[in-house]
Amino acid sequence: MHAITISEPGGPEALVWADVPDPVPGDGEVLVEVVAGAVNRADVLQRQGFYNPPAGASPYPGLECAGRILALGPGVTGWAVGDEVCALLAGGGYAEKVAVPAGQLLPVPKGIGLVEAAALPEVACTVWSNVFMIAHLRPGETFLVHGGSSGIGTMAIQLAKAVGARVAVTAGSPEKLARCAELGADILINYREQDFVEEVRENTAGADVILDLIGAKYLDRNVRALAVNGRLAIIGLQGGAKGELNLGALLTKRAAVTATSLRGRPLGEKAAIVAAVREHVWPLIEEGVVRPVVDRTLPMAEAAEAHRVLESSGHVGKVLLAAPLAGA
């Protein structure tokens with residue numbers, strides 16, 4: 001089979017479409033013929049040499065895919081060869097085949113195409129686990145998501161609106177904010193021109209839940225933007241890993257800060273998140289309340305160009321990679 005390999009840590013040119021051995025499904029795994037994968041910021045970090053796969057995971061980039069089951073490993077029940085699925089991965093989505101733990105499989109939602117389904121697993125699992133399972137966003141609360149036009153952001157806006165929250169977003173252009181508004185965002189903040197703390201405090205009593213991909217650069221301001229009993233969920237470090245936290249402000253607000261990553265979690269935790277997404281998010285997608293937002297789809301062999309698109313931040317939603325068989 002073919003897969004995108006990383007010749008050595010570096011720029012997008014380090015991504016090489018190469019012949020590699022076929023994966024073999026182990027106990028509790030299935031072999032998936034990949035129709036499409038999706039590009040995530042974690043893939044860029046892996047390419048740069050900063051985010052290696054967990055032990056035992058595929059060495060190739062790609063944290064989600066969609067395709068068809070080719071084979072079942074020992075002990076797998078509930079799935080059959082030929083089933084159309086999408087999957088949360090610890091790696092290997094930039095390939096023609098990937099072995100996936102059965103607990104990380106999801107059926108393709110009704111009304112969603114197989115290629116389009118590759119845009120769902122990582123963002124749905126990340127948003128649901130952090131915003132709802134950990135931060136417990138409730139109807140009527142105010143939710144702030146940074147990077148509202150990103151893949152994570154576009155999913156977060158829709159899910160928060162679906163449960164009856166008021167949604168504030170930050171983005172870097174009027175065009176991106178307009179797309180966020182189309183998805184249901186109520187408070188639109190251009191972070192290049194406006195202070196999100198001031199905007200949130202002027203329009204609300206503070207954010208009850210904040211989903212943050214930036215990290216250290218926003219830490220102090222995020223705490224200031226929180227409401228009393230607010231919850232800050234950090235899922236990215238685009239603005240650095242080390243910041244100063246004002247514990248006095250946190251105590252005064254009786255607030256909480258959590259930080260999680262999805263890739264390295266134990267299989268049981270991932271399976272529980274995937275099961276919760278299937279129960280709570282999949283019905284919203286099948287009803288048309290929530291939809292994947294796809295910016296563009298490129299051939300998988302052109303993963304380097306997909307990384308350039310992602311790093312230029314000119315996209316809205318997800319960038320997908322179609323495997324050769326997707327056009328067959």
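## Exercises on a predicted model

Ala160 touches Phe132, Leu137, Phe143, Ala165 and Val167, where residues up to four places away in sequence are not counted and contact means heavy atoms within 4.5 Å. This is a predicted model, in which local features need pLDDT of at least 70 and side-chain atom pairs count only at pLDDT 80 or more, while totals for chains, interfaces and linings use all residues. Residues are numbered from 1 along each chain as its sequence is written, and side-chain values use heavy atoms, with hydrogens and water left out.

**Exercise 1.** Find the helix that holds Ala160, and decide whether Ala160 is buried or exposed.

*Solution.* Begin with the position: Ala160 belongs to helix H3, residues 151–162, where helices (H or I, at least four residues) and strands (E, at least two) are DSSP runs numbered from the N terminus. Next, recall the cut-offs, by which buried means under 20% relative accessible area, exposed over 50%, and partly exposed in between, with a 1.4 Å probe and protein chains only. Ala160 counts as buried because its relative accessibility is 0%.

**Exercise 2.** Apply the test of accessibility to Leu247.

*Solution.* Leu247 lies in helix H7, residues 247–253. Its relative accessibility is 54%, and therefore Leu247 counts as exposed.

**Exercise 3.** In what order do the 6 strands of the open sheet stand, and which strands are at the edges?

*Solution.* Step one is the order, which reads S10-S9-S8-S11-S12-S13 with parallel pairing; two strands pair if DSSP finds at least two bridges between them. Step two is the edges, which are strand S10 (187–190) and strand S13 (256–259), each pairing on one side only. Step three looks at one pair: strand S9 (residues 166–171) and S10 are parallel over 4 bridges, and Ala171 stands opposite Asn190 in S10.

**Exercise 4.** Describe how helix H5 and helix H2 lie on the strands.

*Solution.* Helix H5 (residues 196–203) packs on the sheet and touches S8, S9, S10, S11 and S12, with its direction at about 160° to that of S10. Such angles run from 0 to 180 degrees between N-to-C directions, and the axes are lines fitted to C-alpha atoms, for helices over the stretch in contact. Helix H2 (residues 121–134) lies across strand S8 (142–145), strand S11 (207–212), strand S12 (226–234) and S13, and runs at about 155° to S11.
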